[in-house]
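The report below is meant to be read beside the sequence and the model.

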Amino acid sequence: MKSTFLLFLCLLTSISLYAQVKSISAKVTDASGSPLTGNFLLTDTVGKLIRSSSFTGNIAITDLNNTRLRLKLSSFIFTDTTINIEYAGKTEVDLGTIVPVENTTMLGQVSITSSAPLMRYGNNGNLEVNVAGTILASSSSVTEILSRTPGLTVNEGVISLQGKGEAIIYLNGTLIPSERLAGIPTSQITKIEIIANPSARYDAGGRAVINITTKAPGGDGLSGRLSQHLTTSDFAGTNTNNFVDLGYTGNKLSLSANIALLKGSGRELLYTVRTRPDPSDYLNSALTTDWNRDFNVYATYGLGARYRFSSGSVLSLSYSGNRDHLGGTVDSRNRITTLTTDNTYGSSIVRDELRKNNTIIADFTKTTDTLGSGIFFSAQYSGYRTGNDDQIEEFGGTAPRYLQNAFSQRLNIASIQADRTKCFKKNLKLETGLRFSNVGNNSDTQFLIGNSLDGPYLPDATLSSIFGYNETIAAAYASFSANAGKMGIILGFRSEWTTYKLSTSAGKGQDFSKEYLNIFPNLQLDLPLENGNKLRASYNARITRPRYQALNPFVMYQDPFTTIEGNPNLVPEKAHAFELSANFKKTEVKMAYTYTIDPLSGAALRGSTPESYVLKSINISHDHTFLASITRPFSIGDWWQSINTASITYGRAFDDNYGYATGKVKPQAYVYSSNTFSLKHGIKLQLLAWYLGDRYYGIRHDDKRSIVTAGIEKSILKGNLKVGLTANDIFNRSISEGDYNVGKTQVYYNRRYGNNHFKLTATYRFGGIERPVQQQRQAQPENNRAN
């Protein structure tokens, strides 16, 4: 018995001694990946000093025997960062990369400020652009940030990467719909990652991936951020954005909450000329449409909870929603001239629209070994509800006409996902995953017509319709990465089995159903050279599915002779992209080619009467796009940092179905420069400019656009309060303009937004330590099509 007891006691003692943290390692960098210098202080939970030293980039602490520890990092160039460490089955704790928050410290009349590089290239060739502390952070919306990001353009709500096409948006690794962009406080965004060649783990939709990384309150206890933006424009009026973000972090549990309120006005002005020059069918239509929007209540809100079972095991729950009440008016004037008539027709719409969107996400992540292997599970549900009750008055005909348009839509999206990552050794990894999603989209459009404002109103069956759509996608992917000598190889594929059913009462009624299998391969080769230089080659296949509303043949009223209608005959576009690039120190040179089958486009097509036109999404035949670009950042000391990029795009589109007139083809030039000047006393001056030249691609012409934006920012109260003033689009040149010929009709358009404005911002931060949100591998491709 004594021998057994002693053996048990020795075994218990050895287990107790082993169940302790023996070593701690970490990297400390700024947001761009450059190493930071500072000091660390390691104590136990009651404050007893265990180890202290200085560091430059790397921390390595050995010969420890503790179960609970507290590591504090401090420096003049970043805020103090505290990390609690607890034994969780691993004696060797690797904290990964720690990115502290930039700090401004006043020493008498001397200001010492950390200035991270504005951009950097990741090991996989992705471009990472810093937002925090730059002119991008002063943007009034995320869409405005993206329009100011190198290589990205925003045109009529579509976000595109030069030479690639439309991109899908991720937030901290989660694919999001564009409705959620308005609810992301710009002061929270730390960086934008542009993934031009996504691997198989990303959804196959879209030509590229844009991943937005935000910072969340952390550290210990309560922390948060209060922000207010005031924007004023002679053209669009005034609006205010108010953001409140709160967070609480304990030992294992983290909680967060946020709310954003937008109130004010907005405006959009469209001038369109449609001309049929044929003498036997002559028509000239000069149409002006003026949207004056009232943001009565635009509220976005969210809650989140995160529980850490251990350092490698985390459960997260989140809810986000928005409730938008849009009012205002839409006024149109259409002068129509034919061989026998010359009349002006008009309409006035009083808008009353309500949108209510809700999303719930649950996910679980677990790291299974020290090499980085792990598992990930996710379940998601989104519900979108839209309803409007618009009053329409038409005039200019033989007698006034009055219409009522009632529209309701219910869109439900649900998905489940499981991912597995297995690391066999440092440079050998296999990623696999399964995903299943279902979408139900139902809408009811009713038009009532009366001869007086007071009625009576009678239903109009030709304009009214009921629409139903159900889609199921089952997806699987595998991605293998390894090294062959010095060369890195990533080889993957993604397969998606899609089935859908569509029914509509429009016209004579239609029913569609289809199922199809798509396989999307991708390959990337990386060859490192001397002095950190690198060559890279890649290929990937992508798909862009039509948005759900683009499939819905319901009628959206614009004016007496113009409607917007969906097209249930749309098919997804498929693209094959090839790219060669080289990184020489800080300079990247790139050449790319993309071949697209059935590109999604839009056009004004002849309606049911000689004067009427229908704006509709269509598929054209195919197109070819070539791109050559060069990007170079530079800095002079700590006071001037700059990103500069230039590219030439040459594209040609072809159409066999809609009678587009073939025109000339010319290269399109793109130039971008963003500059930050850090002065004394916490003052920053910022200047951003880009120019996008004329684009001629065979069947259309897009006119040149440009922006020049300047801003000033001042940090006070030890950097906790930042105030800024920005003048955006100073010369008012960001106007969407172009022309095309389709079906014997020449179409010219000129669309103006409220980009020319002044904006005053103030952001106050309190408590806690901010760090980038840990990115999960969630995916919500269906939500991106919910617009």
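Predicted model: local features only at pLDDT ≥ 70, side-chain atom pairs only at ≥ 80, totals over all residues.

**Nonpolar cores**

The largest nonpolar core is made up of 33 residues, and those with the most contacts inside it are Leu146, Ile169, Ile192, Ile210 and Ile212. Once the neighbours within four places in sequence are left aside, Ile192 is in contact with a set of residues that includes Leu127, Val129, Val131, Ile145 and Leu146, as well as Ile210 and Ile212. The contacts of Ile192 also include Glu128, Thr149 and Asn211.

**Strand β32 and its partners**

Strand β32 covers residues 534-544, and because 8 of its 11 residues are buried, the strand is largely enclosed by the rest of the structure. Strand β31, residues 510-528, runs antiparallel to β32 and is joined to it by 7 bridges, with Gln524 standing opposite Ser538 in β32. The hairpin of β31 and β32 has 5 residues between the strands, and in this hairpin Asn531 takes a positive phi near 60 degrees. Strand β35, residues 573-584, is also antiparallel to β32, to which 11 bridges join it, and here Ala541 stands opposite His576 in β35.

**Salt bridges**

A search of the whole structure finds 21 salt bridges, and three of them are set out in the table.

| Salt bridge | Closest N and O atoms |
|---|---|
| Glu579 and Lys164 | 3.7 Å |
| Arg751 and Glu268 | 2.4 Å |
| Lys422 and Asp369 | 3.8 Å |

Glu579 counts as buried because its relative accessibility is 7%, under the 20% limit, and Lys164 counts as buried at 7%.

Arg751 in strand β49 and Glu268 in strand β20 likewise link distant parts of the chain, 483 residues apart. Arg751 is buried at 14% relative accessibility, and Glu268 is buried at 10%.

Lys422 lies in strand β26 and Asp369 in the loop between β24 and β25, so this pair ties together parts that are 53 residues apart in sequence. Lys422 is partly exposed, with a relative accessible area of 29%.

Finally, Asp324, Arg351, Glu353, Arg355 and Asp390 are linked in a network of salt bridges.

Methods. Residues numbered from 1 in each chain as written. Heavy atoms only, no water. Core = buried A, V, L, I, M, F, W, Y, C linked by side-chain atoms within 4.5 Å. Buried < 20%, exposed > 50% of the residue type's maximum accessible area, 1.4 Å probe, protein only. Contact = heavy atoms within 4.5 Å. Helix = DSSP H or I, 4+ residues; strand = E, 2+ residues; numbered from the N terminus. Pairing = 2+ DSSP bridges. Salt bridge = Lys/Arg side-chain N within 4 Å of Asp/Glu carboxyl O.
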